[in-house]
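Trainee: Could we go through this model together? I'd like to work from the inside out.

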Amino acid sequence: MEKSPTRDLKQRTHAFARRIIRLYIALPRNPVAQILGKQVLRSGTSMGANYREAFRGRSKAEFIARMGDTRRELDESEYWLELLVDESIVSREKMNPLLDETRQLIAVFVTIIKSSRRNHNS
């Protein structure tokens, strides 16, 4: 059975959220780590929910808006992940794979949004 790009991205966003959850669980129990961790936990898990909601939209404009929300949550996740590294809470070496996946997902959603806008305006 061949996978659709939508199904692959649904699984990928779910896997990303699970990685974020595991990161949060592994963070030290100091106040800064926990505050930054809760921020990335929120943004890193809500992006997958936004992605799924996009397909329940009533219009193409609503789909595009929800995809924009997904991209914004990923941008925010990248910010919090970078702060965890900058504050030496997580090493850059350990964080690089997750940051790489974050940036790849951002690129995917930027492409989807641009393509959807183009098709919507045609």
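Trainee: Which residues of the largest nonpolar core touch the most other members?

Mentor: Keep in mind that this is a predicted model, where local features need pLDDT of at least 70, side-chain atom pairs count only at pLDDT 80 or more, and totals for chains, interfaces and linings use all residues. Residues are numbered from 1 along each chain as its sequence is written, and side-chain values use heavy atoms, with hydrogens and water left out. A nonpolar core here is a set of buried Ala, Val, Leu, Ile, Met, Phe, Trp, Tyr and Cys residues joined through side-chain atoms within 4.5 Å, buried being under 20% relative accessible area, exposed over 50% and partly exposed in between (1.4 Å probe, protein chains only). This core has 29 residues, and the ones touching the most other members are Leu23, Leu81, Leu84 and Met95.

Trainee: Which element gives the most to this core?

Mentor: Helices are DSSP runs (H or I, at least four residues) and strands are too (E, at least two), numbered from the N terminus. Two or more core residues come from each of H1, helix H2 (31-54), H3 and H4. With eight residues, the top contributor is H3.

Trainee: Is Ser88 buried or exposed?

Mentor: Ser88 sits in the loop between helix H3 (60-86) and helix H4 (92-121). Its phi is near 60°, a positive value in a residue other than glycine. Because its relative accessible area is 66%, Ser88 is exposed.

Trainee: And how does Arg7 count at 42% relative accessibility?

Mentor: Arg7 belongs to helix H1 (residues 5-26). At that 42%, Arg7 counts as partly exposed.
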